[in-house]
Amino acid sequence: MDSRLHSDIYLLAAFWTGVGALLLTLLIAVQIVYLRLAARRLKRREQALTARWRPALNAAIVGVSEVTLPGLRSAERILFLKLWVHLHQSVRGEASGGLNEVAYRLGCDTYARKLLRKGNRAQRLLAILTLGNLRDAAAWDDLLGVVHGSDSAASVHALWALVQADAARAAREVAPMLLQREDWAMSQLANILKDARAEWEPVLAEAVAGTDQEQLPHALRLLAALRLSLPARQLRGLLNHPVAEVVSCALRLAATPDLLDEVRRQLGHGDWRVRVQAVRTLGQLGDHSDVERLRRLLGDQQWWVRYRAAQALLGLPFLTPDDLAALQQEGMDRYALDMLKQVRAEQEAA
């Protein structure tokens, strides 16, 4: 009797488990259908808005005065901003000014500031792009708060928006943090600061001077990646720093004739990584007197130093094939000769 009861219970449990699984599958199927229909409706709304607004925005881009604007419902503002930002990415100069005039007439600056404070993540990113294109200084404090936030994508876009609004002020307020944040892609930072070097270089130089030793290598690598420079006097101090990593990073920035003697002194540094970077820098700055220095480094104990020395020698613009042939006859060992042959083959194959 007990075994029959247990069997009935198991069967009943299995039945309801199957029913539950079937209902869950149906629910998921309904959800998928709903999402697809919602996506199609959104696509149709976007297409309708684009068809209605594109002529007016195109007229603003080409500089037509007093453009007649279609109506814009509250529910369409997000879609409009997406279209507006998309168009902004393809225009420059006076054309962007025409788009901005339309946005201000529609109150997009006020709406974007509201989205920045209360929107979801996607809406906040859209607001940041809008405010940056508008060069809206009224949102400064809110954007600065995002810059200091932990969301890497939002914070770096907010930095871009601040630079668009006021590059000099952004440099004064953000430069020290820029040298510390390691989650911002250098390629993005290079694009953000490419037109603001004059405002950022002196401020970043001052910020580097106040950077602690632990973060100094990252700060110097960042400046090198951004193709920003430091004053020669400041670089001389860094090239005599007791930490080899700092010296190596400083050599990346020392590509100026005023520092040639300091660069040459690092060819004998005890850390091979410093010697590698010194060789690379000397390959950019060196004169005829440096040929012998580079030739000697073809016999360095470290493979990378020999490799970079061969690259530097073969890259010297004033060194002719006859000069190279003469060098190879001046007592080079087979390791040096093999390295020159390898680098020459790489250059010919490139």
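**Helix packing and selected residues in a predicted model**

Helix H7 covers residues 152-165; at 1.5 Å a residue, its 14 residues should span 20 Å, and the end C-alpha atoms are 20 Å apart, which agrees. The expected span is 1.5 Å times one less than the number of residues. Helices are DSSP runs (H or I, at least four residues), numbered from the N terminus. The model is predicted: local features need pLDDT of at least 70, side-chain atom pairs count only at pLDDT 80 or more, and totals for chains, interfaces and linings use all residues. Residues are numbered from 1 along each chain as its sequence is written, and side-chain values use heavy atoms, with hydrogens and water left out.

Buried residues of H7 are Ala-154, Ser-155, Val-156, Ala-158, Leu-159, Trp-160, Ala-161, Leu-162 and Val-163. Buried means under 20% relative accessible area, exposed over 50%, and partly exposed in between (1.4 Å probe, protein chains only). The cover over these H7 residues includes helices H5 (121-134), H6 (140-147), H8 (167-178), H9 (186-193) and H10 (197-209). At the start of H7, a side-chain oxygen of Asp-151 comes to within 3.2 Å of the backbone nitrogen of Ala-153.

Two of the covering helices, H8 and H10, also pack on each other. Their axes come within 9 Å and cross at roughly 30°. Axes are lines fitted to C-alpha atoms, for helices over the stretch in contact; angles run from 0 to 180 degrees between N-to-C directions. H8 and H10 are therefore roughly parallel to each other. Angles under 35 degrees count as roughly parallel, over 145 as roughly antiparallel, 65 to 115 as roughly perpendicular, and the rest as oblique. The crossing of H8 over H10 is right-handed, that is, the near helix is turned clockwise from the far one by less than a right angle. From H8, the residues in contact (heavy atoms within 4.5 Å) include Ala-167, Arg-172, Val-174 and Leu-178. Their partners in H10 are Glu-199, Trp-200, Val-203, Leu-204 and Ala-207.

Most residues other than glycine have a negative phi. Arg-227 lies in the loop between H11 (216-225) and H12 (232-239). At 71% relative accessibility, Arg-227 counts as exposed.

Arg-264 lies in helix H14 (residues 260-265). At 17% relative accessibility, Arg-264 counts as buried. Its side chain makes polar contacts with the side chains of Asp-287 (3.2 Å) and Asp-290 (2.7 Å). A polar contact is a pair of N or O atoms within 3.5 Å; within protein, one must be able to donate a hydrogen and the other to accept it, and residues adjacent in sequence count only if both atoms are side-chain atoms. Beyond four places in sequence, Arg-264 is in contact with Leu-282, Asp-287, Ser-289, Asp-290 and Arg-293.

Val-291 is in helix H16 (residues 291-297) and counts as buried at 10% relative accessibility. Its C-alpha atom is separated by 9.2 Å from that of Ala-312, 21 residues apart along the chain. Leaving out residues up to four places away, Val-291 touches Leu-313, Leu-316, Phe-318, Leu-319 and Leu-327.

Gln-277, in helix H15 (residues 272-285), counts as buried at 8% relative accessibility. Outside four places in sequence, Gln-277 touches Ser-248, Leu-251 and Arg-252.
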